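Work through the exercises below with the sequence and the model open side by side. Each task is followed by its solution in steps.

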Amino acid sequence: MDAAVAAVGYRGQRRASRAPRPAPGAAPRAAAGVVALVVPDFTNPFFTTLAEECADLAASRQIPLVVAVSGKHGERDGGLSPLIGGSDVLGGLIYLGMSRTDERLARAVADGLPVVVIDEEIDLDLPVDTVTVDNYGGAYQATRYLIQQGHHQIAHVAGPPELSTTQDRKRGYLDALADAGLAADPDLIRHGPYTEQFGASTFPYLTRPGNAPTAVFVGSDIVAVGMLGAAELHGIRIPEDLSVVGCDGIRIGQWLRPQLTTLEQPVAALALAAVDALERAMARREAPEATAGGFEPARTVLPLHLVIRGSVAPPAA
C-alpha cells in the first residue's frame, strides 16, 4: 500500500485525530479522520486518474486521504481487512471495487463506518450512497453511432460477466442492435478481464471467415488499447477494416494512432459526487439525531460522453 499512498502524496499521521486544521475561511469539515479510497489496481489508467481526482479534491478540503489496492477480485485481504476494520481510525471510506460481494465492506458499514460506493454497483443490500455512470445509455449511444456510420456486423468485447458495468454495457449494445433491426451474433461477444492482453487476444475470434465484424464496441479503453496495438499483427487496419469504440476516456487514447473514439467517463464529477456524499455520511455519524427517522441512500448516476476521434469510419464497400 506504500506505493499507492505515495502516489497521492499523502504523508501519514501518527493518530487520525490529528487531522490538519482547515485553513482560515475554509468550509468546515464534517468530521475529523483519515479517509481511505479503495481501488482494484493501478494498471488501468482509469483508476489512477480517478484516484488523482479524489486526492486533489480531498486535499483542497483539508481531508487526509490514503489509497488501498484491493485487487481485481478483492484478493488482497491481508492489507485491506485491517484498514477497513479499523473504523476507529478511519473517518470514512470510498469504495471502488470489482468484487460485488465484498463482505469486508458489509462489516465496515455494520460497524458504523461512513461508506460511499462508486463506479461499480454491489450486490450487498447496504445503506450507503452510490455514485455510478449511465453505462447502459453510454453503450447504447456508442453502438447506435456505429450503426449510423453504416455498420451492421458489430462485435462487443466486454468485461468480466459478473460486473454490473459489464452487464449494463452489454444490455445497451444489444438493445441498440435490436432497435435498429439487427441481430446480435453470440460469437461476436467476448468476455474477459480489463487488460491490454485480453484485447490483443480477441482477434482470432473476430476474424473468422464468414462472420467477421466491421466494427466493435469495447467495454474498456485499456482493452481497446490492446486491440489497436495487435491489429497490424493480424493484418487488420483500423478504421479501414475495423472501427473501434472504447469506454472510459483514458488519456492514452488521444495518443494512439488512430486516436481512439471513446465513451468518456466524467471523472471529475465522479470524484466530486463521491467526496460530497462521503462528507454527508460522515456528518450523519457525527450527528445521528439528524437521521433518527431513517436514512434513504442516494443513488447518483452521471452521463457518459461520446468523444469522436479517428478510430471509426464507414465500412469498406
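**Exercise 1. Find which residues line the largest cavity and which of them lie nearest its centre.**

Step 1. The largest cavity is lined by 15 residues, and nearest its centre lie Phe47, Asp119, Glu120, Thr165 and Tyr194. Two or more lining residues come from each of the elements α2 (45-60) and α6 (164-179). Helices (H or I, at least four residues) and strands (E, at least two) are DSSP runs, numbered from the N terminus.

Step 2. This is a predicted model, in which local features need pLDDT of at least 70 and side-chain atom pairs count only at pLDDT 80 or more, while totals for chains, interfaces and linings use all residues. Residues are numbered from 1 along each chain as its sequence is written, and side-chain values use heavy atoms, with hydrogens and water left out.

Step 3. A cavity is a set of points on a 1 Å grid over the protein atoms alone where a 1.4 Å probe fits but cannot get out; lining residues have an atom within 4 Å of a point. Grid points are joined across faces, edges and corners, and a volume is the space filled by probe spheres set on the points. The volume of the largest cavity is about 120 Å³.

Step 4. Sorted by class, its lining holds 7 nonpolar, 4 polar and 4 charged residues. Ala, Val, Leu, Ile, Met, Phe, Trp, Tyr, Cys and Pro count as nonpolar, Asp, Glu, Lys and Arg as charged, and the others, Gly among them, as polar.

**Exercise 2. Describe the lining of the second largest cavity by class.**

Step 1. This cavity holds about 50 Å³ of space. Its lining includes Val35, Ala58, Leu65, Glu279 and Met282.

Step 2. Helix α10 (residues 267-286) contributes the most, with 4 residues.

Step 3. The class count is 8 nonpolar, no polar and 1 charged.

**Exercise 3. Give the strand order of the open sheet and state which strands stand at its edges.**

Step 1. The 6 strands follow the order β2-β1-β3-β4-β5-β11, with parallel pairing. Two strands pair if DSSP finds at least two bridges between them.

Step 2. β2 (65-69) and β11 (299-302) stand at the edges; each has a single partner strand, so one side of each lacks a neighbour in the sheet.

Step 3. From one strand to the next, the twist averages 20°. Helix α2 packs on the sheet and touches β1 (34-39), β2 and β4 (115-118), its direction making about 160° with that of β2. Contact means heavy atoms within 4.5 Å; axes are lines fitted to C-alpha atoms, for helices over the stretch in contact, and angles run from 0 to 180 degrees between N-to-C directions.

**Exercise 4. Is strand β5 enclosed or open, and what are its bridge partners?**

Step 1. Buried means under 20% relative accessible area (1.4 Å probe, protein chains only).

Step 2. Asp129, Val131 and Val133 are buried on one side, Thr130 and Thr132 on the other.

Step 3. β5 (residues 129-133) pairs with β11 in the parallel sense over 4 bridges, and 3 bridges join β4 to β5, also parallel. Val133 has Leu302 of β11 as its bridge partner, and Val116 has Asp129 of β5.

Terms used:
On a 1 Å grid over the protein atoms alone, a cavity is a set of points where a 1.4 Å probe fits but cannot get out, and a pocket is an open set with protein on both sides within 12 Å along at least five of seven lines; lining residues have an atom within 4 Å of a point. Buried means under 20% relative accessible area, exposed over 50%, partly exposed in between (1.4 Å probe, protein chains only).
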